[in-house]
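Visitor: Can you walk me through some side-chain contacts in this one? I'll ask as I go.

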Amino acid sequence: MKNERRLRIVTAEGEVRGTMDDNLFVFRGIPYAAPPVGALRWRPPQAVTPWQGMRDATAWGKASWQNSEYCVAAGGGEPGPLSEDCLYLNIWTPDMEPASPLPVMVWLHGGGFTIGAGGLSPYNGKPLAARGVVVVTLNYRLGHLGFFAHPALDAEYPDGEPINNFGLLDQIAALQWVQRNIPAFGGDRHNVTLFGESSGARSVLSLCCSPLCRGLFHKGIVQSAYSVPDVPRSQALKTGVAVAEHFGLSGASADALRRLPAQDFRRLGSDLANGPVPIVGDAVLPRPMLETFRAGKQHRLPLMIGSNSDEASVLDYFGVDATQIIRDMRQKKRLSYQLVKGLYDIHDDALLGRALARDMAFSALALQIVKAQHDIGMPGWRYWFDYVAQNAQELYPYGAWHGNEIPYVFNTLSYMDPVMNAPPYTAADHAFSRTVSEYWLNFARDATEFTHTLPGELPWPAWHPGDDVTLSIGEKGKAALVLKRNFMKARLWLCCLLMRAMVKL
């Protein structure tokens, strides 16, 4: 009877009813903003209209329009029903009335800002919540519905204050909802960890730089963020005009653009997309993310950041030929090629290209971010994930793929199908998953700006340029925890120099 009563929660917007999963309280599909449909398409998320009576919160909310088949293949599973009405969140909590408020962990799913949903199996919050935190996952606008610029839409805003990153604004609206309502679910609004992977990790970094997000979260975990530059608004505006013209709307009005069927945008090719990054230059993200960190202008909060040992696995999805990068470098940039060849000591073009692309796109960013954290006196922890499931060692000869760490972080291996038809996960895999997730939980529970070492099976010191410590989570695919000093230091600083030379911010 007590639990039955607790399943009915009064939020600022109205009463919701959840369900029980063993001893956990679960609420699904709670709206955190009004449906962004009709006249609200390509507008900042608006407040939910309060409702009367009890709202059922036992089913997932619909996901943003996307390519479902692509999400199944590369995004973590079937996203479920799709709709432009997609601004919903989910909560797992172990106790509605704890003796003291519980840490809150808010997850931002990845998928290149084009696929994904908060209800996918790898993101099930039950195992983490069972260990004493409140877990929140959410859906946000994706693709052209979430990141779009067009002169007709800009005209709706005061000069110099356009909005183009609607998906990031959705994430901010969800964090504002958490601030209003999470105490009713047993959570501590003063201890919110924002964590995400891939584009979700890139979102965490972007929100660390957004003037609209100050104070909404208190620490961040960045899993496999990539260093692709933010899209300049000038370029996004040209793309928006091209999209309108593709639909026969030359000189389109805002009303005409909003009348386009939402599902039609998912059929557009990559030449009419803004890429797997936010748009820089609007009111949400005024300056490029990496430039903001380098200048020490990010929000002052602790960060954990890292990447996986075979991140290059994802580059095929973006049409990147890592082998050709090396061949071009050998032909056109002899000095750079000689430096790379000497530092990596890899003599096969395909393997060298794979390692260099991994480090240019992922590994070097983590080093730059922890250095930027140190420069402003904020702690940062850098990790390297290099574990492969015992029965999948032969399937992953070069290490952990992009996204492979997620079920270990969430401790959700039991919810996952075996990878690539490999035999099931072993007891050792599950044990290592619990070890990994404990670091994430300890960060959420205890990390502050004054923390120097994270507890865990192996104490993990914050990064400092004097010793440059990285926690290797796994070692050559096997279960291990190793503190590595000056890990790939020369390689990564070369990558940073190459990035500065080759990539405009």
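Visitor: Which ring does Lys-219 lie over?

Guide: Lys-219 sits over the face of Phe-443, 6.0 Å from the ring centre. A charge counts as over a ring if NZ of Lys or CZ of Arg is within 6 Å of the ring centre and within 35 degrees of the ring normal. This is a predicted model, where local features need pLDDT of at least 70, side-chain atom pairs count only at pLDDT 80 or more, and totals for chains, interfaces and linings use all residues. Residues are numbered from 1 along each chain as its sequence is written, and side-chain values use heavy atoms, leaving out hydrogens and water.

Visitor: And what lies over the face of Trp-42?

Guide: Arg-41, at 5.2 Å from the ring centre. Trp-42 also forms one aromatic cluster with Phe-148, Phe-247 and Phe-265.

Visitor: How many aromatic pairs are there?

Guide: The count is 21. Rings of Phe, Tyr and Trp (its six-membered ring) pair if their centres lie within 6.5 Å; planes under 30 degrees apart are stacked, over 60 edge-to-face, the rest tilted. One of them is Trp-107 with Tyr-123, tilted, with 5.3 Å between centres and 50 degrees between planes.

Visitor: Is Trp-107 buried or exposed?

Guide: Buried, at 0% relative accessible area; the cut-offs are under 20% for buried, over 50% for exposed, and partly exposed in between (1.4 Å probe, protein chains only). Tyr-123 is buried too, at 3%.

Visitor: Switching topic: how many disulfides?

Guide: The search of the whole structure finds 0, a disulfide being a pair of cysteine sulfur atoms within 2.5 Å.
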